[in-house]
Amino acid sequence: MFTIRMYSKADMTKGHGVLSAHDEQVALIKNYLPDDFKIAENGSLSCQLNHFHTINPEFLLKAWIGRIKGIKNVGYVHFLPETLKNSIQLPRPIQYLFYKYVLFFYRQMDALVTVNPYFIDVLESYGISRDKVTYIPNVVSSKKFFRMTPGEKEKARSHFHLHENGFTVLCAGQLQKRKGVLDFVQMAMQMPQIHFVWAGDFSFGKISKDYELIRRVVSNPPKNLTFLGLVDHEEMNLLYNACDMMLLPSYEELFPMTVLEAMSCGLPIVVRKLEIYDNILFDFVQYARTTPEFIEYIRHLSEDPDFYSHCCRQSKAGSIKYSENAVANQWRKYYTAIITGCSAQQTLTSLQQQNSYTKACASSRSVL
């Protein structure tokens, strides 16, 4: 049995995907691979591998000390300079130094894991060898996120004060322009008969990009749009089940945890047509390019029961593709290979077959 020490300070702020991804991945190893790996959650146990989920400066020292001791260092790539650029606003000199630091941290790792294969090429463009980068998808717990019965759904709607019979569209994410929050407001304004719900807050406070603009919009929304603010993670399954569909108009993502959570709950999902989704979401979701196309999907799902059922089945297929057993098996192979000395490229080659999907299925994506 190998011991892995997990490092993360994602819990310094709530309501963001990095925190959810960390918690789910740690729980996955504990619950599905207890005979293979032990998780060291404090400094009392020796280990064979350090896994850094966040890039805090103090973790650099731990990585350097670990290397001297022969401990392998793995870094999780949850963001890159271009994704940070549209999330937080900093003075230009500080922003420049911060972006430099992000890439410097990644270069100090023996190996990197990204949750989207698209970013292997992006990392290579920054001078990081693709041989040290491996793609392993995010995962969510089927015990935490699941489809409820019609009776439970009714209680869930009551809990969040949603209309009992009205069609409800959910988006969950930080209040950021890149997340498409202003587009979401436009959709609500053009579809007064539909109830729209946004779960999420300003995770980075006043340094969030376009904070003042979005704050003014959120303080005076259309009557059919509810901003719930930050919803506890423990209540998110209840919220997904209280709503009728998941809509993600975001312009930038890696591998949205909210999409996986909605899949696990069997909700129809509509996302913006982005290149980064091509090799992860396949035909599990519906794709829209513009606000009118999002609106057409909402209309179609709210009025056509057969189409609604079809999209539910597609979503459920996605949850099977990214099941806990499937992803846990990838982590078993990856951790074992890194600890025993195999290169990330060798590991990537063996995992590519698991992460591939048929071209026929991928080419059948729905786009209005």
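Is Arg130 buried, partly exposed or exposed, and what is its relative accessible area? Select Arg130 and take a look: the residue is partly exposed, at 30% (buried means under 20% relative accessible area, exposed over 50%, partly exposed in between, with a 1.4 Å probe and protein chains only).

Before moving on, a word on the model. This is a predicted model, in which local features need pLDDT of at least 70 and side-chain atom pairs count only at pLDDT 80 or more, while totals for chains, interfaces and linings use all residues. Residues are numbered from 1 along each chain as its sequence is written, and side-chain values use heavy atoms, leaving out hydrogens and water.

**Stop two: Lys9 and Glu58.** Their side chains form a salt bridge with an N to O distance of 2.4 Å. Lys9 lies in the loop between strand S1 (2-7) and helix H1 (17-32), and Glu58 sits 49 residues away in helix H2 (residues 57-68); helices (H or I, at least four residues) and strands (E, at least two) are DSSP runs, numbered from the N terminus.

**Stop three: Lys153 and Asp244.** Here the closest N and O atoms of the salt bridge are 3.6 Å apart. Lys153 is partly exposed at 24%, whereas Asp244 is buried at 10%.

To continue, look for others: the count comes to 13 salt bridges.

Key:
A salt bridge is a side-chain nitrogen of Lys or Arg within 4 Å of a carboxyl oxygen of Asp or Glu.
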